[in-house]
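Here is a short report on a model.

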Amino acid sequence: MEFLNTIWEWLTTGTMGKIWGWMPSLFKATGVTLSLSFLCVIFGLVIAVFLALGKISKNKILRGVCGAYIFFFRGTPLLMQLFFLYYTLPLLIPAFNIKSRYLVALIAFTLNVAAYLAEIIRAAIQSIDKGQLEASKALGLTYRQAMRIIIIPQAYRRMIPPICNEFVMVLKDTSLVSIISLVDLTCQTKMIASNAASAVVYIPAMIIYLVITAIFTVIFNKIEKKLSMYE
Amino acid sequence: MAIIRTEHICKNFGHIEVLKDVSLSVEPGEVVCIIGSSGAGKSTYLRSINHLESITSGKIWIDEKLIDDRVRGTNKVHISAAETTEVLLNVGMVFQRFNLFPHKTALENVMLAPMTVKGVSKEDAEAKARELLTRVGLADRMDAYPSKLSGGQQQRVAIARALAMEPKVMLFDEPTSALDPELVGEVLNVMKQLAEEGMGMIVVTHEMGFARDVADRVVFMDGGRIVEDAPPAEFFTNPKNERLREFLKRSLQEN
């Protein structure tokens with residue numbers, strides 16, 4: 001009994017007690033980090049599919065536009081894109097003065113992530129054997145049908161590992177939003193650290209990042225296994 | 001009434017002339033085998049017929065319909081892409097490396113094109129696919145994915161897949177070259193059976209035995225040209241072209 005009491009005391013007072021006290025606000029901020037990462041990858045994927053198909057299309061203009069988009073968003077720092085959207089764009093075009101910091105962050109991240117995901121999707125599609133398209137054509141399928149029924153379903157499985165990788169990167173990159181004072185997990189951690197004058201708070205914060213990464217890695221592995229059933 | 005007629009086909013890859021004035025016709029039900037050393041343009045010619053390669057100049061008729069009349073790459077025939085596709089449905093193709101759809105079962109591979117392209121109902125497509133797979137001797141492997149089939153079985157599925165579109169003529173691009181020697185026979189037997197049922201075909205092959213036994217005409221290509229075109233008896237016993245004589249001597253020594 002004495003022993004349990006000691007443990008209880010250690011858990012509820014002193015440093016550990018402080019950590020428990022921080023957890024509610026850390027979890028709340030985790031929600032922002034998670035939803036931002038998740039939504040920008042989902043929306044980014046939708047845009048990326050069009051960008052990827054555009055970049056491999058025969059239409060020169062479409063290829064140029066999609067290529068330029070990807071070049072721009074991969075070639076400039078995400079941090080600057082975030083600044084640009086938050087500070088510069090409203091000055092240039094008043095209509096783009098978006099009040100919600102969350103929305104600004106979501107748009108900036110979505111646009112950026114789309115460029116990276118587009119390259120992942122393009123590479124996966126182009127890694128599919130050329131014979132698949134030839135067989136589809138010889139059977140009378142149109143290019144669109146071949147893409148939709150034959151090529152892209154095979155490309156899915158090859159996209160999963162790099163998309164998982166991208167998700168994990170984005171999860172951590174969202175810490176950049178603290179720069180426009182959006183309270184995500186990193187921002188909240190920094191605030192606690194300075195308010196409580198205790199750097200210990202970085203430990204639970206990093207553990208939260210690790211737990212999320214671990215959970216999503218497991219989920220993505222499951223999806224990959226499921227999609228490679230036919231091999 | 002030729003099912004495939006090609007006249008003066010030329011094809012350049014950059015500055016390299018791969019096909020130099022190739023003319024060849026195939027009557028319905030006729031079996032034409034094309035032989036020749038690698039780089040002679042056999043596969044390129046075959047792939048040009050159903051537009052997997054675009055020719056530089058020449059004319060192509062499929063089922064008496066002119067789909068290509070090209071001069072320096074430009075087609076002078078006014079024909080829409082959809083119409084060309086429609087005409088080319090008369091031509092089935094089997095590839096050296098099978099090119100089955102790996103994410104579909106054997107049955108689904110055969111059902112896919114009739115349902116997608118012709119709008120055949122699932123029930124009808126499945127009935128037809130089962131019948132075709134049975135015909136090529138794969139009644140017990142219908143639900144297997146291609147990765148679980150041997151090369152010979154995969155190629156037979158590929159033949160059934162092409163047949164499902166009910167083509168009037170079939171193109172075989174070295175159908176047995178990627179197979180282990182013991183699996184070649186099963187594919188050739190299916191092709192032979194198909195020929196006996198009256199299917200017209202052009203077969204690019206190195207199988208001299210098949211050419212001798214099954215073909216109505218054997219064509220020898222060399223350096224992008226057709227240099228001999230004769231019935232098998234004449235082709236193998238009394239070849240006129242010097243290069244063909246050398247080629248036959250070499251392939252006899254190898255076997």
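## Conventions

Helices (H or I, at least four residues) and strands (E, at least two) are DSSP runs, numbered from the N terminus. Axes are lines fitted to C-alpha atoms, for helices over the stretch in contact, and angles run from 0 to 180 degrees between N-to-C directions.

This is a predicted model, where local features need pLDDT of at least 70, side-chain atom pairs count only at pLDDT 80 or more, and totals for chains, interfaces and linings use all residues. Residues are numbered from 1 along each chain as its sequence is written, chains are lettered from A and ligands numbered from 1 in the order written, and side-chain values use heavy atoms, without hydrogens or water.

## Confidence

The model has an ipTM of 0.91 and a pTM of 0.82.

## Helix pair in chain A

Helix α7 (residues 143-173) of chain A packs on helix α9 (residues 202-227) of chain A at about 170°, with the axes 9 Å apart. The two are therefore roughly antiparallel (angles over 145 degrees).

Contact means heavy atoms within 4.5 Å. Among the residues involved, α7(A) supplies A:Phe167 and A:Leu171, and α9(A) supplies A:Phe216 and A:Phe220. The contact residues of this pair comprise 14 nonpolar (Ala, Val, Leu, Ile, Met, Phe, Trp, Tyr, Cys and Pro), two charged (Asp, Glu, Lys and Arg) and two polar (the others, Gly among them).

## Cysteines

Zero disulfides (cysteine sulfur pairs within 2.5 Å) are counted over all chains. The sulfur of A:Cys187 lies 17 Å from the closest cysteine sulfur, in A:Cys40, too far for a bond.

Definitions and conventions
Angles under 35 degrees count as roughly parallel, over 145 as roughly antiparallel, 65 to 115 as roughly perpendicular and the rest as oblique.
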